[in-house]
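Work through the following exercises with the coordinates open, and settle each step before reading its solution.

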Amino acid sequence: MKRYIAFDWPVLPGSVSTATSRCGKPNCACKGKPPRLHGAYHRWTGFIGGKRTTKTISRQTALECKRRIQNFRKLQREIERLVRASLGDAPWVPGAKESKR
C-alpha cells in the first residue's frame with residue numbers, strides 16, 4: 001500500500017525572533033532612564049549550507065517566514081506520524097506483512 005503526504009508549500013526550516021538593541025552613541029535615548037531601545041528587529045535563524053545563519057528581515061518577510069516555518073513543522077509531524085505507523089510493519093515484527101514494491 002502506498003501512502004502519500006499532503007502538505008502546504010512552501011516550507012522553511014528555522015525560527016523567527018525579534019530583538020531590540022542599544023547603539024554605541026553615548027547620548028542616545030537608548031542609554032536613558034528608562035531606555036528607549038532601537039528596534040524591534042526581526043530575524044530569521046536557520047542553517048544554510050550546514051552553517052547556522054541569522055538574517056535580519058523586514059516585518060512583512062518575518063510574517064511570511066513564520067507561515068512557511070509552520071508549514072515545515074506540520075510536514076515534520078506528519079513524517080514522524082507515518083514513521084511511527086510504519087514501524088508496526090517493520091520486517092522484524094512478527095506477523096508483519098511483506099511490502100509489495
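**Exercise 1.** What should the 29 residues of helix H1 (residues 59–87) span at 1.5 Å a residue, and how far apart are its end C-alpha atoms?

Solution. The model is a predicted one. The expected span is 1.5 Å times one less than the number of residues, so the 29 residues of H1 should span 42 Å. The end C-alpha atoms of H1 are 42 Å apart, which agrees with that expectation.

**Exercise 2.** Find which residues of H1 are buried, and trace what covers them.

Solution. Begin with the helix itself, where Ala62, Cys65, Ile69, Asn71, Leu75 and Leu82 are buried. The cover over these buried residues includes strands E1 (15–21), E2 (38–48) and E3 (51–57). Next, take the largest nonpolar core, whose 7 residues are Leu12, Val16, Trp44, Ile57, Ala62, Cys65 and Ile69; H1 gives the most to this core, with 3 residues. Finally, look at Ala62, which, leaving aside neighbours within four places in sequence, is in contact with Val16, His42 and Ile57.

**Exercise 3.** Describe how E2 and E3 are joined.

Solution. The two strands run antiparallel and are joined by 7 bridges, with Gly46 standing opposite Thr53 in E3. They form a hairpin with 2 residues between them, and Gly49 in the turn has a positive phi of about 60°.

Technical notes: Residues are numbered from 1 along each chain as its sequence is written. This is a predicted model: local features need pLDDT of at least 70, side-chain atom pairs count only at pLDDT 80 or more; totals for chains, interfaces and linings use all residues. Side-chain values use heavy atoms; hydrogens and water are left out. Helices (H or I, at least four residues) and strands (E, at least two) are DSSP runs, numbered from the N terminus. Buried means under 20% relative accessible area, exposed over 50%, partly exposed in between (1.4 Å probe, protein chains only). Contact means heavy atoms within 4.5 Å. A nonpolar core is a set of buried Ala, Val, Leu, Ile, Met, Phe, Trp, Tyr and Cys residues joined through side-chain atoms within 4.5 Å. Two strands pair if DSSP finds at least two bridges between them.
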